[in-house]
Amino acid sequence: RGSEGRMGLLPNRLVDYFCVVGPSKLARNPKRPSEPLDLSRARKLEDIKFEPSVVDVYPRPSARPDIRLPEHVSKFVYPEGCRARSKHLPPAFFTFVLTLESGNRMYGAALHFYDDAVELDGLRDMVREGGYEGAL
């Protein structure tokens with residue numbers, strides 16, 4: 001970064017943003033986005049999928065007027081959506097590249113790790129807020 005490219009001068013920083021990404025709401029039906037997923041066939045915790053969102057970010061996007069935090073960055077961190085797990089999974093690390101509207105590239109790195117404790121009441125609330133009304 002920090003070199004003059006065909007799209008303009010990029011800021012000379014190692015890191016633009018540090019983001020915490022997690023589940024926000026029940027994922028939508030991909031065939032009918034106005035409807036929540038049908039959970040009537042869900043047989044295990046892993047069958048429930050949530051939309052990822054940026055839960056926290058440092059610095060605040062207003063502190064970096066020279067480079068905007070892409071709204072869809074959470075989709076690159078969790079491209080398959082967020083899922084609770086009944087088994088402990090080892091941490092996973094990967095990188096990705098976003099091409100901004102200006103043509104400049106923003107490079108990202110993601111570290112997935114799972115908490116040992118899952119609050120079932122919190123999951124139930126997220127499922128209900130997502131529009132699901134069936135049995136849980």
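## Close-up views of a predicted chain

**View 1. Strands β3 and β4 pair side by side.** β3 and β4 (residues 49–58) run antiparallel and share 8 bridges. Two strands count as paired if DSSP finds at least two bridges between them. Strands (E, at least two residues) and helices (H or I, at least four) are DSSP runs, numbered from the N terminus. This is a predicted model, in which local features need pLDDT of at least 70 and side-chain atom pairs count only at pLDDT 80 or more, while totals for chains, interfaces and linings use all residues. Residues are numbered from 1 along each chain as its sequence is written, and side-chain values use heavy atoms, with hydrogens and water left out.

**View 2. A sheet of 3 strands is open.** Its order is β3-β4-β5, and the pairing is antiparallel. The edge strands are β3 (18–26) and β5 (82–83), each pairing on one side only. β4 and β5 are antiparallel too, with 2 bridges between them. Phe-50 has Cys-82 in β5 as its bridge partner.

View 3. Pro-23 belongs to strand β3. Its bridge partner in β4 is Pro-52. In sequence, Pro-23 and Pro-52 are 29 residues apart; in space, their C-alpha atoms are 4.6 Å apart. Is Pro-23 buried or partly exposed? Pro-23 is partly exposed, because its relative accessibility is 43%. The cut-offs are under 20% relative accessible area for buried, over 50% for exposed, and partly exposed in between (1.4 Å probe, protein chains only). Leaving out residues up to four places away in sequence, Pro-23 touches Phe-50, Glu-51, Cys-82 and Met-126. A contact means heavy atoms within 4.5 Å.

**View 4. A nonpolar patch lies on the surface.** Its members are Phe-18, Val-20, Val-55 and Tyr-58, with about 470 Å² of accessible area together. β3 and β4 are the elements that give two or more residues to the patch. Patch residues have over 30% relative accessible area and no salt bridge; nonpolar side chains (Val, Leu, Ile, Met, Phe, Trp, Tyr) are joined within 5 Å, like charges within 9 Å. A salt bridge is a side-chain nitrogen of Lys or Arg within 4 Å of a carboxyl oxygen of Asp or Glu. Areas come from the Shrake-Rupley method with a 1.4 Å probe; for residues, only the protein chains shown count as cover. Phe-18 lies in β3. Phe-18 counts as exposed because its relative accessible area is 56%. Val-20 has Asp-56 in β4 as its bridge partner.

**View 5. The largest nonpolar core has 20 residues.** Leu-26, Ile-48, Phe-50, Val-77, Phe-96 and Val-127 touch the most other members. Two or more residues each come from β3, β4, α1 (73–77), β6 (92–99), β7 (105–112) and α2 (120–129). A core is a set of buried Ala, Val, Leu, Ile, Met, Phe, Trp, Tyr and Cys residues joined through side-chain atoms within 4.5 Å. Beyond four places in sequence, the residues that Phe-96 touches include Val-73, Phe-76, Val-77 and Met-106. Tyr-107, Gly-108, Ala-109 and Ala-110 are also among the contacts of Phe-96.

**View 6. The chain has 2 helices and 7 strands**. From the N terminus, the order is β-β-β-β-α-β-β-β-α. Of its 136 residues, 31% are buried.
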